[in-house]
Amino acid sequence: MTKRDFESGAAFPEGWRANAARLQAADAYDPADEHDACGVGMVVALDGQPNRRVVEAGIEALRALWHRGAVDADGKTGDGAGIHVQIPEEFFKRHIRRTGHEPGETPIAVGMVFLPRTDLEAQDTCRGIVETEILRCGYRIYGWRQVPIDVSVIGEKANATRPEIEQIIIASEGEIDDEAFEADLYLIRRRIEKRALERNINDFYICSLSCRSIIYKGMFLAEQLTAFYPDLLDARFVSSFAIYHQRYSTNTFPTWRLAQPLRMLAHNGEINTLKGNVRWMESHEPRMGAAAFGAHIDDIKPIVQSGSSDSAALDAVFELLVRGGRSAPEGKAMLIPESWSKRETVPQPHCDMYAFYNCVIEPWDGPAAIAATDGRWVIAGMDRNGLRPMRYTVTGDGLLIVGSETGMVRVDDTAIRERGRIGPGEMIGVDLREGRFYHCRELVDKLAARKPFGEWVRHITPLDRLIRDGGDEKPAFARDDLRRRQIAAGWSHEDLELILHPMVEDSKEPIGSMGDDAPIAVLSDRYRGLHHFFRQNFSQVTNPPIDSLREARVMTLRTRLGNLGNILDEDESQTDLLQLESPVLSNAQFDAMRAHMGDTAVEIDCCFDPDGGETALGDAIERIEREAEDAVRGGCQHVILSDMNSGPGRAAIPMILAAGGVHAHLVRQKLRTFTSLNVRSGECLDVHYFAVLVGVGATTVNAYLAQETIADRHARGLFPGKSLSDCLQGYKEAVDQGLLKIMSKMGISVLSSYRGGYNFEAVGLSRALVARFLPGMTSRISGIGLPGIQRKAVGVHARAYTGAAPMVDIGGFYNSRRGGEVHGFDGRAIHILQRAVEIDSFATYKKYSEMVRGLPPISLRDLLDFQSDRDAVSVDEAESITEIRKRLVAPGISLGALSPESHETLSIAMNRIGAKSDSGEGGEDPARAKPRTNGDNANSAIKQVASGRFGVTAEYLNNCREIEIKMAQGAKPGEGGQLPGHKVSVEIAALRHSTPGVTLISPPPHHDIYSIEDLAQLIYDLKQINPDAKVCVKLVARAGIGTIAAGVAKAKADVILISGHGGGTGASPQSSIKYAGTPWEMGLAEVNQVLTLNRLRHRVALRVDGGIKTGRDIVIAAMLGAEEYGIGTAALVAMGCIMVRQCHSNTCPVGVCTQNPALREKFEGTPEKVVNLFTYLADEVREILASLGYTTLSDVIGRTDLLTQVSRGDEHLDDLDLNSILAQADAGGFPRHSAVEGRNEVPDTLDAEIIATAWRAIEEGEKMQLAYTIRNTQRAIGTRLSSKITRRFGMKGLPPNHVTLRLRGSAGQSLGAFAVQGLNIQVVGDANDYVGKGLSGGTIVVRPTTSSPLTTYENTIIGNTVLYGATAGKLFAAGQAGERFAVRNSGAEAVVEGCGSNGCEYMTGGTVVILGPIGDNFGAGMTGGMAFVRDPDNDLPNRINDDSVVYQRIQTPYWTGVVKDLIAQHARRARSRYAETILNDWAHESKSFWQVVPREMLDKLDHPVVADEEQATA
Amino acid sequence: MPQRMQNFISFGQNTPERRDAEDRRRDFDEIYRRFDQGAASEQASRCSQCGVPFCQIHCPLHNNIPDWLKLTAEGRLEEAYEIAAATNNMPEICGRICPQDRLCEGNCVIEKGFDSVTIGSVESYITDTAWEQGWVRPPEPETDRDQSVGIVGGGPAGLAAAEELRKRGYRVDVYDRHDRMGGLLIYGIPNFKLDKELVTRRTEMLAAGGITFHTDFEIGRDAGLNDLRARHDAMLIATGVYKGRALAVPGAGLDNIVPALDYLIASNRKGLGDTVPDYESGKLNAAGKKVVVIGGGDTAMDCVRTAVRQGAESVKCLYRRDRANMPGSAREVARAEEEGVDFVWLSAPEAFLGDGAVSAVRTVRMHLSVADATGRQTPQVIADSHQNIDADLVILALGFDPEDVPTLFGEPELGVTRWGTLKVSYRDMMTNIDGVFAAGDIVRGASLVVWAIRDGRDAAAHMHRYLLERAEAPADLAEAS
């Protein structure tokens, strides 16, 4: 293909729009899935006086942020950047004069307007609308000003979508105060926007319309801001603040309006609760009113315009609050409150204020660093989890510089008064009017003191207290009735034994293993509860999941019930609510609540007549909706839906449908906030059902039948030693924890923001049904509708109420049972496949393949078949088996799950055929990197980097061809893992740099990836530490994965792996295995479509895995867009796995998945068997290709036209339509597969220069010292050099401090990442996030310049997530570290002078000394290593999470010596005067240190920590 | 908390105690003692609770084995029984006589290296307990139906079908030509494997559930098939196969060469307290005789072990293949050897010698050829390897063929296969005569009891469907007119 066939940049937008429209029509792509993230910051004059220096500093800072955005292939089109400054009156007045007017003394306002550029008629219409609305409000217009721009600095794509950019200048008449003028301008803007929408004009956008400030933004690179807008270079352009923003979006389409800053704020992060928040805002609208808007309130509704990005929606609500009378700090406290309910360190007045706000509005939850202004206040704030970096500097000349990074504005070290960071939930602000800077504490003190919040919140009725006296739990159903109800609820023996029983017994969700190979619900011919049709959403890449166990302090299930008020009011009436600590209620609790509600509640029966005709179900739901509406209109504050009256003649309506229907109906009727919605459901048994109910709008849930069942089992003595209330408590605990986990997967920590948020994707539910009952939930393939659901409900009801003593179904959903669900790997297929690979018979393999094909449909691909436009060719013409096999991958299964034998067998086999195996998480023995004497090579070609970073060293990363970043795992996306101590053998501990017998935890998120630009940074780091390896990013299929993948591709990944929900696991909660993630067919198709749409497809390779079993699966995957294919379970089966599904119990009887030596002996797998399997797969692929007339896999990649839907599932389905999967995006002349040779290279960093200079050190091993001045844009310093050293000398080949780098300035992110022994990095200045990431033996020192006036322990010197996954080495920093210091450290020694929240989280090794204050949740999940904290004030007990650690004052001389020695090193290397003072007074000081020791380590330490060998106090 | 299942790592396999072989030889009592709760629970807890339960896959009844093993391990026997009984009409019988080593236990995933879970013994334990506790109840019709079914043959297939149909509410009549119900369960299988009491209590329970039994009722003699069809809305033929295969060698007509079934029936009748002339006469009594049994299946095993118990002077078993290739259960062979039976492998009868009555069997040595495509090794004669084995009672256990059912039943229209088994539609188990179904050995040829139960259950389901349609049909017609 020649270059000119490619679509030009200018033609791109047209093509993009057409493609996007086509994909949208096919339900394949939803623009609402777009994400963005970025760098953000602000500069403020502390005295509040406008000056030029502020604007210049803002511009400079923006320039130093380029690496946090993405650049298009043309090198010019950015994802957007902008700046928000005060209106420089003089600048505009000069312009007014030039036009011949004389500006008066009254304030002027300026609107920055994007007008349609090419459609001149529309342009004129817009001008007309703007002018009309301004005049209508009684203001004068000075005129329009065409903003000077330089289009030569933007790319073709950006230019093609460029609007006409103009300013309108407005004069006020007479005396009007700012506030009133601003409020009017807000009204005017909303009216203009509505008029434009009415006229269907889309390219119209008002960046700002204000008498105070103005926003310049656009689709250029950050450094081009002033080149594009020369206005900003004008010396008259002054301001007292500048808020700036650099965007990184997940698509490539240049959308000017999406650039930030927005009207009030600039946001870095992602609002995870967006859907719920937007819907609750809609619900709040009817009650809304404020003096400022008076009668015009309706002009500003809807508050959030449809199609807004998360940031824009947040901005819109923030703006509403501010215009409605709140200050910016109040807005932040309402929308993004601190987590306060479970932390000891929050002052009571603060708690009261937040409790009040909790009654008023739902928090907007998710990673968020914001910079915002209301005109008077300029604030910077952080989300409750502290998931974005925000550093600030206060200078001696009166500037506050805040930003995602430190060092963006060059400031003389000696002129710095303060260096700080904004912690979780915190904010800082400057009152411009007062000219005063507020730290967080004083700012919130000020807010909390404004109103008597403490008094107000006493009106809240905490129901839990009432419920505690709710009386006894009494069984209500006789046994026969109970059994029939269980059958009617569709429960099986399996549900009761495998799910319910363990929940009661262990207070936890039960664990399972291996992947889900049962049919997706819509394809099953059996009764499946409605919850089976919902797939849980989860976070990956653009936002992090949360650890609901270790970070429980930020999580809350608190539930309020009742009639919500006007969100713009601030008075005590809003606290007249009921409140629960959890939405999960037992029967007695429910009864107590019901009694309290009295007449304010209405109970609605949720049953229907099974013989009531075809529309009985629909009619019944309509009745319920009507009854609910009538009740609420009649003043009811609580609606109760119950199916308890079901019985012989009454069938229960699936409660999800009833609850979803009522919620949606009340939202539509604008009545939802007037009531709580409480459900009593029989069918509800597992955690997922609860989550779906809450997700579709339920306020509380009472699973009465589950409770009755527990009571029955209790009465039968099945819970020996437990009282019934223990049992119910256990069940509730399991559900609560499960709900928290499901929320945390999405990165949501507050239930009230999760409720009604539809954080699911419906798979196989009729689109019409979803639109009616669950509006806003994604449903891409249609399926079962009301008639089908009714049919199934009637069927299961009939079974329950026919016959003398019907039996509860045996099950078969989790484990295979005859007569239960069909499973993809059935017993016969397993045996035949094993026989085939054993006797090396392709014919036998074909029998297996035919058998798999002959099963009833299980996956979406079973509804597809091939159709060709060509005649068949001879198989001999097809490409060779060897070529095809190269595309096959044995996906990542950790050593720890697999036995060493099976792990190595896989690697050896894959290396033999020139394909790749994946190490999985957990490191790999370096000995495997070298082929054995017999020629076997057990080195995994792909090395995985997962959230635990176990064994991820410089050496590990250099022993591979590809590095895979595992963002999520198909069987449990959004979750971490835990390797219990008894599985941590000596070998595993060695590989993972931990202690045998001690539990290891993999966190849910990568702590260096909370956002897309963070992923780009990790990819950058990995490409530095291994200059040859490709980088793969593993994602799990879900709705919206396409845009995530686009972002990943822009982050320079070389391969994107899409894993289906069917992927395997060594241990996961059952509800995760079954209900999270979607089939790979959907994920792969979407990724391929969106990448093609964005012209990114040819820049990245796609790999897919998750239940691929045959050559047919591979060819279908190819046609859906994949070029590489992972085969996990089938490969295990070839090695002898027989799907016992007990991987989590360490009892694998065939030795595949166990560490037990006796069982490992049973392993009978061989590389030959694995090779045979992959050979047959390849051979089958050849046969299929030839039968279709094709000869290579490349020819069919992305060719969905070669697929056709042959079955639409069961006949009673509405329409199971796979068009969304088969829709094809036009490729614009680019290849439909990766065209990258080698890998996507990333820019060089300082190391290129270092290596050029230091060749003698690298080649000859000479000692060297090099010195540089650095900036924050220079990232991963020392990493490439470490790769060189590792490859030449090995990781420990050089003596310590052999090569010294002396750096002056602010180091960019990932300073010294993976630095190895021999490397000594000294920074004089400060450093950003990820210092010493994966440190592998190097030494890093960061300190201020000797002449700095700063008190080191009071100031922040290094950023967040320092020493993440470090395995060896040292760090000394003369100042505080940010959040998550030493997270997952497994070997490094470090001394810092304070740290933020979550310090030493998940640490498994190494020693950390902290000389200053620490943040909350210290030592959470820490199972190894040791920490020492200087704390003379006894603050640590409030801060520490002692679930896994104990703490005490140091008791033994040995450990005192260790601390002293480290402090001495610190004093010497980091020149810390503070450390010297401590040493100077050591006899006294040594008593002010706490020693923090993991509980599991107590009996494994060489040196006891307790003087008299007594247990330490916890 | 101790691990509840997957205890195969901690506990070894343990079968219920077996009586001493010397002791066993002296009577016809069952040879296994029962588990106690502790042992049953411990053994059940060895189950691996597989995601793909191969035990179930290889059980003809697809018993939910892992589920009742787990319940047994937890001491929840009543529930275990409910689940066991839901898929099996006579679990205590299967637990005793199924060749588990070829079915469930043989496919148990821990079998290799850890010895399988003792599924059969646990199954017996569960059901025996259920009987003792009174959990076994007569079939309870879910509703009362007017339609009636007739079942010919009171063996496992017929009884299983009878119970299933009765549960669905049909009136059920079972006809058997013997004087007791149970078929081979009562007359074919020796008491030391299956105590007759177990069979009797089953049939009594069925009778209590409203099933009518007609003993000594021979179709073709007491009524024709047509007569019965007129009486019932549907019929099931489950007569089994009774015709012992003969051996066409010189001397086959000599006295004291008897078919296995005659021999076993006589012994069982004797055990049941009947007067059996051929036994009393010594014709079918092995006491003091040199017995040679020819054949390698389960019936042959029953014969040799019965002969031992009758006090034979010696008992030899002739089989033309070797131990590894015999069709019978290896476990049975082991038991027989313990009891003193002498196996003569790779040896085939060539002629019977004797004058009037048999006095010896002339045999020839065999050797096995290389396996063919199906994996079966054909035995070939080794020339000049004759050998005479003394015998004064020869029992032929060479398998069974169907009798000529169409003729016996006076229904020449009834379709049969070339092997003489009844021809049924694969889809619904109906013969070529409308409303006449067939199940068990008479369809599939001589096979296991567990297969007969399975067939009986399947036939019941098909008959139910058939009867439902017939019950609804008149209503439809009325609507149409």
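**Notes on the A–B interface and a sheet in chain A**

1. Between them, chain A and chain B bury about 2,800 Å², 56% of it on carbon and sulfur atoms, where buried area is the accessible area (1.4 Å probe) that two parts lose on being put together, summed over both. This is a predicted model, in which local features need pLDDT of at least 70, side-chain atom pairs count only at pLDDT 80 or more, and totals for chains, interfaces and linings use all residues. Residues are numbered from 1 along each chain as its sequence is written, chains are lettered from A in the order in which they are written, and side-chain values use heavy atoms, with hydrogens and water left out.

2. In this interface, 33 residues of chain A are in contact (heavy atoms within 4.5 Å) with 36 residues of chain B.

3. There are 6 salt bridges between chain A and chain B, each a side-chain nitrogen of Lys or Arg within 4 Å of a carboxyl oxygen of Asp or Glu. One of them joins A:R817 to B:D67, with the closest N and O atoms 2.6 Å apart. On the side of chain A that touches chain B, the elements that give two or more residues are α16 (493–506) and α26 (827–839) of chain A, helices here being DSSP runs of H or I with at least four residues and strands runs of E with at least two, numbered from the N terminus.

4. Elsewhere in chain A, 3 strands form an open sheet of mixed pairing, in the order β17-β21-β20, and two strands pair if DSSP finds at least two bridges between them. The edge strands, β17 (461–462) and β20 (559–561) of chain A, each pair on one side only.
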